Amino acid sequence: MNIEKLLIDKINKKGIIDVAEFIQISQFENDGYYLTNNPIGKKNDFITAPEISQMFGEIFAIFLINYWDRKIKTKFNLVELGPGRGTLLKDILRTSYINKQFLSAARLTLIEKNKNLMKLQQDILSNDKIEWSEEFLISDKKIPSIIYSNEFFDCFPVRQFYKKEKWYEKFIKYDDSEQKFSFVSQKVNNHKILKTLENFNDAKVAEISEQRKKYFNLICKFLKKHKGVFITIDYGYINPPKYLSLQTIYNHKNTHLFENIGCQDITAHVNFEELICLANEHNLNIDLFCNQKDFLISNGIQERLKALQKNKNEQVIRNLDFDYKRLVDNSQMGETFKVLVISCL
Ligand SMILES: C[S@@+](CC[C@H](N)C(=O)[O-])C[C@H]1O[C@@H](n2cnc3c(N)ncnc32)[C@H](O)[C@@H]1O
């Protein structure tokens, strides 16, 4: 059944659905966007840090290798969540020549829901021994794990709320005669949700992702039980923003949630304050929390840029500067993107 029809059927049955359910169906059911499309890349809907420049993956690899060298030093699972086109892992594996022990100790697992992207990853990484899984599943639980993700948690569906004296939630209805979706609001009465919304009183708007919280909890429990570290990079915040961050993108252009149903990217900023609280509840160590700029600079991206530019012509030098700025400048990815490292070793 096509996604739009699926949404209309669901709304006809329930009267209205919340924004998270709308996103869940659009992206993750039947032939939904995240199950079938290949959205990443200059020619597709959006571009991510590993696709902008090899420098991102190389610097990330240096962080991983140093971390492993300092804290693990044994066989370990190297696990990526939502690897997209597989570029980040490819760059990590190439960079690992600087520490061959790291490479030979790693047992690789990729967790990917999208069958087309999984196929792409299998082609790109065909020389490497890798296990794939659609769910969060790591088969060797006797060794510690280094788990990581880039732009993974922003894909999780969010419910949307706003405050006008009282808190209201945005829902979606469908008008059969006009054949269109529209928003309706309902006052929030659920005590648990009202308690969570207290953290957003100043912002007066809130986005809450139950699925993201559930997935992150799963990772925390895994780290606590089987040991390891989780590094996650995403655009997000500590202090709730005063705007709703949900963003829909089709072919590099901003669109509306009700357009291109099942065919466009839908993301929302990650609430890192919530992730840090959850990690604390599981008694995990918070090893690092900073923005992408500080992370990349402190791990050597400026030196890498200089090395790549050496003896190159002006055009190549300019292109490298341009990519570097995209990754690092505060007005681009540098400040909005955050890096969180939690562990139990
Ligand atoms: C925005 S893309 C980022 C891809 C890649 N990490 C990068 O930086 O280029 C999100 C990736 O996560 C995958 N994904 C989204 N939700 C997922 C889930 N619940 N389980 C597994 N993979 C998921 C998507 O299919 C895609 O590969």
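**Helix crossing, cores and ligand shell**

Let's start with a helix pair: α10 passes α11 in a right-handed crossing, a crossing being right-handed if the near helix is turned clockwise from the far one by less than a right angle, and left-handed if anticlockwise. This is a predicted model, where local features need pLDDT of at least 70 and side-chain atom pairs count only at pLDDT 80 or more, while totals for chains, interfaces and linings use all residues. Residues are numbered from 1 along each chain as its sequence is written.

**The α10/α11 pair**
- The axes of α10 (residues 210–226) and α11 (residues 272–281) come within 10 Å and cross at roughly 35°; axes are lines fitted to C-alpha atoms over the stretch in contact, with angles from 0 to 180 degrees between N-to-C directions.
- Helices here are DSSP runs (H or I, at least four residues), and strands are too (E, at least two), numbered from the N terminus.
- On the α10 side, Lys-213, Phe-216, Asn-217 and Cys-220 make the contact, and α11 brings Glu-274, Leu-275, Leu-278 and Ala-279; contact means C-beta atoms, placed from the backbone, within 7 Å.
- Sorted by class, that contact has 5 nonpolar, 1 polar and 2 charged residues (Ala, Val, Leu, Ile, Met, Phe, Trp, Tyr, Cys and Pro are nonpolar; Asp, Glu, Lys and Arg are charged; the others, Gly among them, are polar).

**Nonpolar cores**
- The largest nonpolar core has 59 residues, and Phe-60, Ile-146 and Leu-327 have the most contacts inside it; such a core is a set of buried Ala, Val, Leu, Ile, Met, Phe, Trp, Tyr and Cys residues joined through C-beta atoms within 7 Å.
- Helix α5 (residues 54–71) gives the most to this core, 8 residues.
- A second, separate core of 21 residues includes Ile-23, Phe-171, Leu-197 and Ala-206.

- Leu-64, found in α5, counts as buried because it has 22 C-beta neighbours inside 10 Å (buried takes 20 or more other C-beta atoms within 10 Å, exposed 12 or fewer, partly exposed in between, with C-beta atoms placed from the backbone).
- Beyond four places in sequence, Leu-64 is in contact with Ile-92 and Ile-146.
- Lys-75 sits in the loop between α5 and β2 (76–81) and is partly exposed, with 13 other C-beta atoms within 10 Å.
- Lys-75 and Ala-105 are 30 residues apart along the chain, yet their C-alpha atoms are separated by 4.3 Å.

**Ligand shell**
- 18 residues surround the ligand, the closest being Thr-48, Gly-82, Gly-84, Lys-113 and Asn-114; a residue is near if its C-beta atom, placed from the backbone, lies within 6 Å.
- That shell has 9 nonpolar, 5 polar and 4 charged residues.

How values were computed:
Two residues are in contact if their C-beta atoms, placed from the backbone, lie within 7 Å.
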